[in-house]
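Subject: Structure handover

Hi,

Here is the structure for you to look over. My notes come after it.

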Amino acid sequence: MNPTTTSLTYGTYLRLPQLLGQQLPQAAAAHDEHLFITVHQVHELWFKQLLVELTDARDRMLAGENAVAVRRLRRCREIERALLDALALLDTMAPGDFEAFRGALGTASGGQSAQFHEIEALSARRDHRTRSMRWLTAAERARLDRRLLEPTLWDGFLAALAGLPRADRAAAFRGEGPLGELADALLGHDEGWALWRARHVLVVERQIGKGRGTAGSSGAAYLRERTGERFFPELWEARGAVL
């Protein structure tokens, strides 16, 4: 038996001392800053897991293992539900509670989440302007560069459809036939991400109204501009063609 594993405890396996030591409020008198930090750190942990699952789903599609890809994508949809629940916790703060520590954020902004941009690049949204963001660390820029060059989920789906007759490809786009489940699972991820975007706007509006974001953006107005975007518009359009 491996002596390293026999000496493991719950806390050492999960690295709890390190994990639980990462919530460091900057405004000592602001009670809700701890909640704010925790919610965003939870987001980053789930973003990391989304990247693990989405990457494997993409790779499975490229390898022709579509049933496994469906399971991975369905798991992503559940993770996105968890992200929505985490956002809801921020609504327990009154605007004054947020204002009490907002100044401590400086120029930090949720838009600076490198993993968020990686998820979008891996899914289908290729915006090469993101790599020029000045706040990226060298490691973050390297990861984002890789995401911008590697195949997307959409590339994986098209690979899964390769060689099929036109009628079968059309059926898959509509969510029918052998690959209909795969198209549905992709739409589930797309929907989950879109719902998170829309909910995020409401959270921001509830806290700061039409005020500017911490990094100088237009705040909720900027976020609302993006709520109509979809990773896989072709799949959404195909559903309309059924009616």
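Below are notes on one helix contact and on the aromatic residues.

This is a predicted model.

Helix packing comes first. Helix α6 (residues 95–102) and helix α11 (residues 180–208) have axes that come within 8 Å. They cross at roughly 85 degrees, and are therefore roughly perpendicular to each other. On the α6 side, the contact involves Pro-95, Phe-98 and Arg-102. On the α11 side, Arg-206, Gln-207 and Ile-208 take part. By class, the residues of this contact are 3 nonpolar, 1 polar and 2 charged.

Now the rings. The count is 15 aromatic pairs. One of them joins Phe-47 and Trp-196: ring centres 6.4 Å apart, planes at 75 degrees. An angle over 60 degrees counts as edge-to-face, so this pair is edge-to-face. Phe-47 sits in helix α4 (residues 33–62) and Trp-196 in helix α11, 149 residues apart. Phe-47 is buried, at 3% relative accessible area. Trp-196 is buried too, at 7%.

Trp-196 also pairs with Phe-116. Here the centres are 5.9 Å apart and the planes at 45 degrees, so the pair is tilted. Phe-116 belongs to helix α7 (residues 114–123), so its pairing with Trp-196 in helix α11 ties together parts that are 80 residues apart in sequence. Phe-116 is buried as well.

Phe-47, Phe-116 and Trp-196 belong to one aromatic cluster.

One last item. Arg-230 has its charged end over the ring of Trp-236, 5.9 Å from the ring centre.

Best wishes

How values were computed
Residues are numbered from 1 along each chain as its sequence is written. This is a predicted model: local features need pLDDT of at least 70, side-chain atom pairs count only at pLDDT 80 or more; totals for chains, interfaces and linings use all residues. Side-chain values use heavy atoms; hydrogens and water are left out. Axes are lines fitted to C-alpha atoms, for helices over the stretch in contact, and angles run from 0 to 180 degrees between N-to-C directions. Helices (H or I, at least four residues) and strands (E, at least two) are DSSP runs, numbered from the N terminus. Angles under 35 degrees count as roughly parallel, over 145 as roughly antiparallel, 65 to 115 as roughly perpendicular and the rest as oblique. Contact means heavy atoms within 4.5 Å. Ala, Val, Leu, Ile, Met, Phe, Trp, Tyr, Cys and Pro count as nonpolar, Asp, Glu, Lys and Arg as charged, and the others, Gly among them, as polar. Rings of Phe, Tyr and Trp (its six-membered ring) pair if their centres lie within 6.5 Å; planes under 30 degrees apart count as stacked, over 60 as edge-to-face and the rest as tilted. Buried means under 20% relative accessible area, exposed over 50%, partly exposed in between (1.4 Å probe, protein chains only). A charge sits over a ring if NZ of Lys or CZ of Arg is within 6 Å of the ring centre and within 35 degrees of the ring normal.
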